[in-house]
Amino acid sequence: MMHDFVQAGIDARGAVVPRKYDILGGMDLLADDVAVVGSSSILLNAGNGPRIDAHRTVVRFNRAQLDGFVSDVGSKTDLLYVAETIIPEKAEAYRRNFATMDCPILTKLDNVDFLVEHGVDPARCYFHKDFEEFVRKRCFSIINRMIDKRYKHKRPPRSGITILSLLLGPKLPEKPVDIYGIEVEDIQQKGWKTHFFARSSAHTYQHLGWHCPPELEFEVLNAMADQGAIRINR
C-alpha cells in the first residue's frame with residue numbers, strides 16, 4: 001500500500017536511491033475528506049471545480065490537465081499518481097503539469113530520472129521497487145479484502161482502482177472517498193470522448209490492451225460504492 005513507496009534521493013554518483021521511509025512526509029491522506037479525480041470528459045460542463053477544490057486532499061493521475069478546465073476539474077492537487085511510463089511524446093504535457101503542481105508524486109522508479117532532470121525535487125518523488133508487480137497482482141486482492149469480493153483478472157485495472165487500493169488498503173474507510181471523472185458505466189454509447197487532457201480526442205477504450213476489461217472495472221467501482229468505500233460524483 002502507501003507504505004510500500006519510498007522517497008527518492010540522489011547519491012554522490014547522481015543515481016536515484018531510496019532515501020527514507022517517511023510515508024509521504026507523514027501525510028494522512030484519509031484524515032478527513034479525499035477526492036480522487038480522473039480525466040474523463042464526464043467532468044466537462046459539470047462545474048464541479050469548486051467542489052473538488054473544497055476537499056482536504058485531491059489526488060490526480062498522469063497527465064491530467066488543469067489549465068483551461070478549472071471550473072470543471074478544479075485547481076488543487078495534493079498528490080499526483082503517475083502510473084504510465086513517461087516517454088518523449090508525453091514529456092511536454094508532464095512539464096506543464098510540473099510547473100503548476102507542487103505536490104508529492106507516486107510513480108515507478110523508471111520515471112524518477114526524468115522528473116529530476118526536469119527540475120522536480122527528488123524529495124517529492126516516491127517510487128515502488130516492484131511497481132509493475134504491485135499493479136498486476138495486488139490491486140484486486142486489496143479491494144477484495146475490503147469489500148469481501150473475489151474479483152480477479154490476468155490484466156490489471158487502470159489508475160483509478162489502483163490508486164483507490166493504495167489509499168484505502170484492505171479496510172473500509174470511515175468516510176467514503178469521493179471520485180470524480182472516473183467512469184462507472186459504459187459511456188461509449190453516449191458518444192462522449194473520454195480524456196479531456198490536452199484536448200485529446202483519444203478514447204481510453206482504445207488503450208485497454210494492458211488493462212482488464214472496463215466492464216469489470218465498472219462492476220468493482222459500483223461494488224465499492226455499495227459498500228460505502230467510495231462516493232461516485234457525476
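**Exercise 1. Work out whether Cys212 is buried or exposed, and which cysteine sulfur is closest to that of Cys212.**

Step 1. Cys212 has 0% relative accessibility, so Cys212 counts as buried (buried means under 20% relative accessible area, exposed over 50%, partly exposed in between, with a 1.4 Å probe and protein chains only). This is a predicted model, where local features need pLDDT of at least 70, side-chain atom pairs count only at pLDDT 80 or more, and totals for chains, interfaces and linings use all residues. Residues are numbered from 1 along each chain as its sequence is written, and side-chain values use heavy atoms, leaving out hydrogens and water.

Step 2. The closest cysteine sulfur belongs to Cys139, and at 9.8 Å it is too far for a bond. A disulfide needs a pair of cysteine sulfur atoms within 2.5 Å, and by this rule the count comes to 0 disulfides.

**Exercise 2. Find which residues of helix H6 are buried, and what covers them.**

Step 1. Helix H6 spans residues 139-147 (helices are DSSP runs of H or I, at least four residues, and strands are runs of E, at least two, numbered from the N terminus).

Step 2. The buried ones are Cys139, Phe140, Ile142, Ile143, Asn144, Met146 and Ile147. That makes 7 of the 9 residues, so H6 is largely enclosed by the rest of the structure.

Step 3. The cover includes helices H5 (131-137), H7 (159-168) and H8 (214-226), with contact meaning heavy atoms within 4.5 Å.

Step 4. Walk on past H6: Asp148, just after the helix, takes a positive phi of about 55°.
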